[in-house]
Amino acid sequence: MGLLARAGAEITHDASDADVIVVNTCSFIESAQQESVNTILEMARHKTEGRAQKLVVAGCLVERYRNEIQKDIPEVDAVVGTGELEAILSAAGLAPLAAPNGSPFVILQGQDKQGRAEGDARAAQGRFSRTEWDGAIADLPNYLYDETTPRLLTTPKHSAYIQIAEGCDHPCTFCIIPQLRGQFRSRRFESVVAEAEQLVVAGSRELTLIGQDTTCYGEDLGLKDGLALLLERLAQIEDVRWVRFLYAYPNKVTTRLLEAIASHEKICSYMDVPLQHAAPNVLKRMRRGAGTDIFLRSIEKMRRIVPDITLRTTFIVGFPGETEHDFEELCGFVREAEFDWLGAFGYSDQEGAKAHALDAKLPSREIEQRRKHLMQIQRQISKKKKRALVGKEFDLLLEGPSEETDLLWEGRTAMHAPEIDGTVFVNDAPDGIELRAGDFHRCRITKAHDYDLQASIL
Ligand code: SF4
């Protein structure tokens, strides 16, 4: 969107108003692919029946099915993979951009990369190969954006995501992200800091660092403790209030990282560490390793070093070969670990992923029953944890009037990552306080629901 806007396009969110429609797609699991295809077909109608002149498909579905999309959906005028961002301009009928120094704009190729032994070894084992994928091209994306890349925020300006790395080197058998996004590569440290400073000047107060695996940040640049160093550096930016990161890989959560979180007020005491399962038998088939005991010890360490830490995780239930005993082990682990936030997903059989060839697949009804059962356990844990917050005080970031009723405002504390965790509903504020989205206030929690909270501004 940043490139298009810089090249002179006017961005509209109303498809019926657009001359060019861009559908940005996901290809992570089958339901995401289906949703992407449905959206492309829906948008194609704006071309055949409405005013749109061009339909462009971008993103991961293009990495997976480049040729098929163009062959099977004739309304599509152009496709743009994740590694060819600048091609969006010609696809939309716009002229190429030139950077201020006259060189071609953007898109570094990870030129500071020193290589990451783990990634190179996985590449040699064929982890990133697409040769068996009909309709995909062999070339992997290898771009990185930097602080000069034009960018439009899709979030409210007070809260911005910063992607600090691209790609993933892990071997998880259920996942095709490495084949879609390429080998792990980090953005330059100074580039992330420069972008953060620009965002803060433009009004951002909360920065959320993302990447397929943020905890590997800097390893390919020869940096030790890269994420900890980056968080500490970003926390020095004067007008930043909260810095957080998402998607930690379990065995990459180091003492150094935890100490960085514990010792800086602006680094949120928040850890999102997707564990995917707890039974060693399943984790082994997932090629992730570890198990209940190791995870419990690691959680105990996180809570010891960062006593007020908020923990989020996700699990996949119904993975091929998951026995009732394995599932019970997962449930027992969830009861014991008592996460603050937890998401459970039913296993999705993804063509092209290693797990597709595994035996002992479970019926979808059984998978859904297990997923619901796990969420039921978490609901009780969440209820108990949220109740324990009543009467306590926190800093609150106001997000805006509630979508449910005009009488309430919505906000988040440092315990709530944007878009994913529960909501804090604000139903009381002192007379004379003007409520504005993006402002921080001190609040007291007055009521707890299963996942959401109610608060008064002090
Ligand atoms: S770490 Fe995450 S992105 Fe990487 S392969 Fe595993 S599930 Fe996929």
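Which helices and strands each supply at least two residues of the lining of the second largest pocket? They are α9 (255-263), α13 (364-387) and β12. Select these three; helices (H or I, at least four residues) and strands (E, at least two) are DSSP runs, numbered from the N terminus.

This is a predicted model, in which local features need pLDDT of at least 70, side-chain atom pairs count only at pLDDT 80 or more, and totals for chains, interfaces and linings use all residues. Residues are numbered from 1 along each chain as its sequence is written, and side-chain values use heavy atoms, without hydrogens and water.

Next, show Ser269, Asp308, Phe394, Ala414 and Met415, the closest to the pocket's centre among its 32 lining residues. A pocket here is an open set of points on a 1 Å grid where a 1.4 Å probe fits, with protein on both sides within 12 Å along at least five of seven lines; lining residues have an atom within 4 Å of a point. By class, the lining has 16 nonpolar, four polar (Gly among the polar) and 12 charged (Asp, Glu, Lys and Arg) residues. β12 gives the most, with three residues.

Now select β12 (residues 393-401) with β13: they pair in the antiparallel sense over four bridges, where pairing takes at least two DSSP bridges. Glu410 in β13 is the bridge partner of Gly400. On to β14 (residues 424-428), antiparallel to β13 and joined to it by three bridges; there Phe425 is the bridge partner of Glu410.

Finish on β13 (residues 409-412). Trp409 and Gly411 on one side, and Glu410 and Arg412 on the other, are all buried, meaning under 20% relative accessible area with a 1.4 Å probe, protein chains only.

Definitions and conventions: Buried means under 20% relative accessible area, exposed over 50%, partly exposed in between (1.4 Å probe, protein chains only).
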